[in-house]
Amino acid sequence: MSTHFLELLAREASAVEFERPIIEARARGADPATIEELEQAKVEALKVRDLLKRRARREAELSALYDTAGDLAALRDLDAVLEAIVHRARQLLATDVAYMTLHDPEQGDTYMRVTDGSISAKFRALRLAMGAGLGGLVAQTATPYSTADYFADSRFRHKNHIDEAVKEEGLVAILGVPLRLGQRVIGVLMAANRSARPFHQEEVSLLASLAAHAAVAIDNARLLQETRNALEELSQAHRTARAHGEAVERAALAHDRMTSLVLRGGGIEDVAAVVTDVLGGSLAVLDDLGRPLTGDVGELDSGVFESAQASRALGRTVRRGDLRIASVDVGGEPLCTLILRSDDADERILERAALVCALLLLFRRSVAEAEGRVRGELLDDLISRPGSPGLADRARRLGVDLSAPHVVVVVRHEGQRERAAFWASSQATLRHGLAAGRAGEVVLLLPGHNAGGVAQRVAAELSASLHVPATAGASKVCLPGAAARPPGGDVPGAGDVAAAYQEARRCAEALIALGRAGDGASAAELGFVGLLVGDGRDVRGFVGRVLGAVIDYDARRGTALSDTMAAYFGSGGSPSRTAEVMHIHVNTVTQRLDRIGKLLGDGWLEPERALEIQLALRLHRLGHTSTP
């Protein structure tokens, strides 16, 4: 009879089929002993069946773990390994759904990483805070948890959004085990059913084993990625170092070429030629005022100069569109700016060229400053020690002809003293004159006749250079040549330089007092004020400039316009009183005043103009009374 049960075991029959031999025996009328024997055989057969089933299940579990270990050994894609682990967990535990959540260190919660069997988009996008829901509880405690009925279980905190997602997925029974790396929980592996069911300890152990494999896979993937990243960084560092070395060597060669040119007496143009030969494109070199020294890159907007300022602040090349700009300063003041338009991105060569150009300009400035000191010392001696021997010879060596007419210009300013002195020295060198810088002013001795014109030009140009008003007073001085020297003398009339200097200073101070800062003038352009500040006291010239048209008219026509003006001012500007004083009709006074207005021009009765006219009238009358 036991043969029947062996056949049932052999074909893996269900447990119900093991009742058939007993039922058939009873149908045949078998005795109770036979029935009892069949019952015992059935029980033993069912035990064997359960044992075989557990062994088959264990074999499947071991096979799954073996396959998982193989996946880990051949790890290529972390996502594929994790998906295989979750899929095997669902198959081995015979659940409807399996899924894995991982810890997010930035947000401090867990998120769905892999799902298998899920049908709800809301569930697949679910995030669980630590301690919230069954998965959050497992992640927080690092302990496996299971529930046969999720919604009836009160051991964990229910959250509305979690419960809604679980309900939408239709889950009832859930088992979760932690993914652990050492003492750290990195996620949770979970299996769930859409109907109530308990989870046995063997199932918990199996899921924990798969979770351990998943944790190893994640850690291996992390280590592998870190290794790959490290190798890539090393490779990139090697490429960068090699490219840097090549660029440094290229820049060094270009620097050697530029240095060699400078040592052979080359200038900024030669340095610019080396840059364009190496980098291509076009290069312009600007001085401290933004004026081109060499090259042309077209019209430059204000943004280019802002980039140059940024380059000086950063100490490196700044890009603006297709331009590369390198600028160098000394003591916070710009010295030179290089503007390159080229496709070559090697900025080191441009920066080295900027330094070489800066050194050249510094050298030129040093030479100019040395020459400026010599010229300044000579001008100081002409002003303060005019009788010193050798002044004419010293001037001749500097290319200054003291025998020609010159103009002394004193410029008062509130700008940068060194910049003003450098500008004055440059002007003196260009115009074969002398210059000296003093506190708050610069002094120039320049060839020329028109003192007022020279003063206006100097004031305008220095104001533009300093970006602050520069006020220039000037005085003409004539220095006789060697033919007029008395025995033992050096520069006859050199003392006139000192007198002209004092007059020029007074003119500059007068301009400032009159509110004309930033203007330039000699005593002749200051009207009656010029009589006060000028040494020449050219009364006749002043009267002629102010009243010449009226005096000439009286002389030609025999009229008394000048007397009428004197009476008019003397009577407080009253035509009727003027008529009484002069014993003429008031209409005659009006006609004469109209004629005077035509001769002197509009505005002759304005306060400042009227004051000059009255002074000129008084001087004119004094001149007549003193004439024999």
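**Salt bridges and cysteines**

Tutor: A search of the whole structure turns up 17 salt bridges, a salt bridge being a side-chain nitrogen of Lys or Arg within 4 Å of a carboxyl oxygen of Asp or Glu. This is a predicted model, where local features need pLDDT of at least 70 and side-chain atom pairs count only at pLDDT 80 or more, while totals for chains, interfaces and linings use all residues. Residues are numbered from 1 along each chain as its sequence is written, and side-chain values use heavy atoms, with hydrogens and water left out.

Student: Why do such side chains pair up?

Tutor: Side chains of opposite charge can pair when their charged atoms come close.

Student: OK, which residue does Arg 26 form a salt bridge with?

Tutor: Glu 39, and the closest N and O atoms are 3.8 Å apart. The pair links distant parts of the chain, 13 residues apart: Arg 26 is in helix H2 (residues 20–27) and Glu 39 in helix H3 (residues 32–73). Helices (H or I, at least four residues) and strands (E, at least two) are DSSP runs, numbered from the N terminus.

Student: Is Arg 26 buried or exposed?

Tutor: Arg 26 is exposed, at 52% relative accessible area, whereas Glu 39 is partly exposed at 22%. Buried means under 20% relative accessible area, exposed over 50%, and partly exposed in between (1.4 Å probe, protein chains only).

Student: And what about Glu 441, which residue is its salt bridge with?

Tutor: Arg 505, with 3.7 Å between the closest N and O atoms. Here too distant parts of the chain are linked: Glu 441 sits in strand E14 (residues 441–447) and Arg 505 in helix H15 (residues 495–513), 64 residues apart. Glu 441 is buried, with a relative accessible area of 4%, and Arg 505 is partly exposed, with 26%.

Student: How far apart are the closest N and O atoms of Arg 155 and Asp 153?

Tutor: They are 2.8 Å apart, and the two residues form a salt bridge. Asp 153 is buried at 12%, while Arg 155 is partly exposed at 46%.

Student: Which residues are linked in a network?

Tutor: Asp 104, Asp 109 and Arg 127 are linked in a network of salt bridges.

Student: Switching topic: how many disulfides are there?

Tutor: The structure holds 0 disulfides, a disulfide being a pair of cysteine sulfur atoms within 2.5 Å. Cys 336 is in none, and its nearest cysteine sulfur belongs to Cys 357.
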